[in-house]
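I am opening this notebook to record what I looked up in the structure shown here.

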Amino acid sequence: MKRLFLILMATFLAAGLYAQGLKIGDKAPDFRLKNVDGKMVSLADYPQVKGFIVIFSCNHCPFVKAYEDRIIDLHKKYAPKGFPVVAINSNDPEVVPEDSFDKMVERAQQKNFPFVYLFDEGQKVYPLYGAARTPHVFVLSKKANELFVEYIGTIDDNYKDASAVKEKYVENAVDALLSGKKPAVTETKAVGCSIKVKK
Amino acid sequence: MHRLVLIFLTSLILLGCNTGRKLNYDKIEVIDFSKLEPMLNKNTDTVYIINFWATWCAPCVKEFPHFDEAARVYSDKKVKFLMVSLDFPNQLEKSLIPFVKSRTNLLPVVLLDDPNQNEWINKVNPAWSGALPATFIYRKSQKLFYEGPIELADITNAIDDLLVKP
C-alpha cells in the first residue's frame, strides 16, 4: 500500500514536472542558440516580426520527418507575413548521435531549410518552454516587445498524410493572430518522439 | 510415492507448456482507437499493462524486454499485456513484424493507426503529452501512468501492488 502511494506520488510529481513550462498567455523567454550557419540567434534579433512559430524538432524522429516539408511550407507562407519558423533541436547528441550539430547542418543543407535551425546546447531551452516531444509547436505573438504564448501543440491533424489534413492547427492559429483575433484552438496533442536527454 | 512424484512432475511440465504458449506474429492487427479503447477500461480483476511504443524509438526498444520478462513472471497471474505500436502502417512488414518476432513470443502486439491523436491521447490519459514511450497500468479504477522510460522494477512493483488491492 505504501509502495502504491509512493508510485502514485511519483506519477503526480512526474506529471507536475511535465506540466511546468509555458501555458497559453504566458510570456515566452528568449534564448541565444547557435544556428546551422554558425551564427548565434535570439528572438530579439527579429525586431520587425509579429511573432514566431517555434518548433522543437530534431533530425532522427520519424514524426519530424513526416512533417519536414510542411514545416518548410509554414515558413515560406508565414515568414513574409511576420511569423517565421524557428526550429530548435534540444536532443542530446550523446544520446542520439543523429541529432548532433554537424548532422543538423547536413540535414538543413539536404532539405534546404529556409528557416533557422538552432542547437539547444546543454538542453537548457526545452524545459523553459515545457516542450516534451518532437515536433512540438509554440506559436508566439509580439506585443510591446514582449512575446506571448498563443498556441501549443501539433501542426495539423494528420501526421501521415498531408493531403488528408482536415484541421491545420498552426495555420489557423497564425491566421487568427494576423487578423487581430485569438486562436480558436489553443492546445492540441500528438504522438511524437520524446526529447532525448541524459538521465 | 514414486508415482505421486511422477504425476506431480508431469503436471508441472504440462503447466509449463500451457503457460509457455507462443504467439504468432505473421499477422499483426492494425486498429483504430475505437478498437483499443475497451482495453483501457476493463472492470475486471485483471491487471492490464499497455505500452505505447515504436520500433524506431530507442528508449522503447530498450525497455521492450522488460515487458517480455514481466509477462513471463506473471504468466500464471491475472495480468494481461498489450504492446501498442505506433509504427507507420507501411512499416508493418518491414520493421514491426521482424522486430517483434525477434524479441518476444508472449506479448500481444497491435498497430494503432489513428491520425486523430488530439482526441485519443487524452482518452488514454490526460497527463500524457504524446511522447513515446508511455505505459498505462491499471486494475479497475486504480490507474498508473508513466510517460518516458520504465524499468522492470516499476512494472513488477505496480503489478504486485495492484494485484493485492481489494
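**Entry 1, the core.** I looked up the largest nonpolar core and found that it has 96 residues, with Ile53(A), Ala87(A), Val170(A) and Leu132(B) having the most contacts inside it. I noted that a nonpolar core is a set of buried Ala, Val, Leu, Ile, Met, Phe, Trp, Tyr and Cys residues joined through C-beta atoms within 7 Å, and that a residue is buried if 20 or more other C-beta atoms, placed from the backbone, lie within 10 Å of its own. This is a predicted model, in which local features need pLDDT of at least 70 and side-chain atom pairs count only at pLDDT 80 or more, while totals for chains, interfaces and linings use all residues. Residues are numbered from 1 along each chain as its sequence is written, and chains are lettered from A in the order in which they are written.

**Entry 2, Ala87(A).** Leaving out residues up to four places away in sequence, I found that Ala87(A) touches Ile55(A), Ser57(A), Ile71(A), Phe115(A), Val116(A), Tyr117(A) and Leu118(A); two residues are in contact if their C-beta atoms, placed from the backbone, lie within 7 Å.

Which residues of helix H5 (residues 169-178) of chain A are buried? I listed Tyr169(A), Val170(A), Ala173(A), Val174(A) and Leu177(A). Helices (H or I, at least four residues) and strands (E, at least two) are DSSP runs, numbered from the N terminus. Seen down the axis of H5(A), the buried residues fall within an arc of 125°, so they line one face of the helix; the arc is that of the directions from the helix axis to the C-beta atoms. Their cover includes strand E3 (51-57), helix H2 (62-78), strand E7 (136-143) and strand E8 (146-153) of chain A.

Beyond its neighbours within four places in sequence, Ile49(B) is in contact with Phe67(B), Val79(B), Phe81(B), Thr135(B), Ile137(B) and Ile155(B).

Strand E9 (residues 192-194) of chain A pairs with E5(B) in the parallel sense over two bridges, where strands pair if DSSP finds at least two bridges between them. Within this pairing, I noted that Gly192(A) stands opposite Ala131(B).

Methods: Buried ≥ 20, exposed ≤ 12 C-beta atoms within 10 Å, placed from the backbone.
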